[in-house]
Amino acid sequence: MEKSEILESRIRELEESTREISRRLKAAEAASETTKILSSEISLDTKIQQSIFIILEHVDADKGSLMLVDTKKGDELVVVEAATKDGLNPNLVGKRQKIGDGIASWVVQNRRPILIEDITKDPRFKKRAESGKSYGSNSLLSVPLMGDHGRIIGVLNVSDKRGAGVFTEGDIGSLILFADKIAPVIVYSQLHEELKRKNNELIELQKIKEDLTSMIVHDLKGPLGEIMSNLDLLTYIQNLSTEDKEVLDTAIQGCENLLGMVMNLLDISKMEEGRMKLNREQFNIGELIKTKIDKMKVLAAQKEVKLKATLADNDITITADKEIIERIIANLINNAISYSFPGREIDVKAEKDSGFIKVSVKDEGKGIPKDFHEKIFEKFSQRIEDGIRRRSSTGLGLTFCKMAVEAHGGKIWVESEEGKGSTFFFTIPI
């Protein structure tokens, strides 16, 4: 080989090398620009549209589209964006292709790119071309969009190489690079939309449940009120024996407890929605505590528990919703009765404390684990005893107490040690 031939060959090699370096540089620049678009705050549709324009410019193609596997049907591809070098092509958006019937579906089934120089001469698709089912282009290039765990989520297509040229292996590499950048953004968007849809369904189901609960509770109030009214009438009967009075008192207290549960459900719902109104009035909380203890002595006696009131001052007057405060105290006493050991005492105290009234209900029961001191005020909370979840009640009583106390501008808490009983405190501004 003459020196001139060797020199010409070397020049050709350098020119080819230069073109390859230039192609890679352009690919890197295009990929960088695409990355900026995909990481911006614009909508997913706009991200895909702008990315397709960059891809068309980079591989010198006249047409491009992005198709996604229909997540509901699973056996179809649908065009989500399509464009030409001159602008978007909305007529193609929404077009569907059965998997197993076309070039894009071939990519999905074979899980690899496809480069077609002339569709009319490719034996894989010649029959379709001859049947008159046109692809609109003879020169095509398609690559798969890979999701998580090797799942194919769609196909990225370009067609009609400009200048009557054909796509190259280098174009395949470039298109794969773009597909690898676009796919994770689409997957994230799909997951986000799915999460949003599931969350909306959950919110709707929760609303249906709450509406149903509210209707049931309202329906319960009527017959329960009738039962209590008739029981109250029985208390006026003369010459009732001591045993009869105890039975009657137990029935009345049971109805009041049930009514309290119903009212807890209603009021918790109102407070959660910000619809709870407090009917404030001035009253002596000490007298309220003593009256409530007298009413609940029958229930306490059945559990062999004694109730007593310790009042630092006989005149402890506050301005608050009297009915709500009475229910808070009743819930705490009822809770103390449930967890007290037989033969023990429950002490209900009230005292002034720096512009507040502090009320405490102390029992001598099994106590509460420290890590449960906050959870006990949560709705439908469960205690864990001996490694087993236990629910002795709905858990709504303490939830109501917390929300009602906080609605008055006070706070509630518990101090307890396992095996040594519990003391529940709450404060209300005077």
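Predicted model: local features only at pLDDT ≥ 70, side-chain atom pairs only at ≥ 80, totals over all residues.
**View 1. Strands E11 and E12 side by side.** Look for lysine 349, which sits opposite serine 360 of E12.

**View 2. The whole five-stranded sheet.** Going across, the strands come in the order E9-E11-E12-E16-E15; the sheet is open and its pairing is mixed. E9 (306–311) and E15 (412–416) are the edge strands, each with pairing on one side only. On average, neighbouring strands here are turned by 15° against each other, ignoring direction.

**View 3. Helices packed on the sheet.** Helix H7 (residues 285–302) packs on the sheet and touches E9, E11 and E12, with its direction at about 170° to that of E9. Helix H9 (residues 396–407) also packs on the sheet, touching E15 and E16 (422–429); the direction of H9 makes about 30° with that of E16.

**View 4. Helix H5 against helix H6.** H5 (residues 169–234) packs with H6 at an angle of about 155°, their axes 9 Å apart. The two helices are therefore roughly antiparallel, as the angle is over 145 degrees. The crossing of H5 past H6 is left-handed. In the contact of H5 with H6 you'll find 17 nonpolar residues, plus three polar and five charged ones.

**View 5. Helix H6 from end to end.** H6 covers residues 242–272, 31 residues in total, and spans 44 Å from first C-alpha to last, close to the expected 45 Å. After H6 comes glycine 274, with a positive phi near 75°.

Conventions: Residues numbered from 1 in each chain as written. Heavy atoms only, no water. Helix = DSSP H or I, 4+ residues; strand = E, 2+ residues; numbered from the N terminus. Expected span 1.5 Å × (residues − 1). Axes fitted to C-alpha atoms, helices over the stretch in contact; angles between N-to-C directions. Parallel < 35°, antiparallel > 145°, perpendicular 65-115°, else oblique. Left-handed = near helix turned anticlockwise from the far one by under 90°. Nonpolar A, V, L, I, M, F, W, Y, C, P; charged D, E, K, R; others polar. Pairing = 2+ DSSP bridges. Contact = heavy atoms within 4.5 Å.
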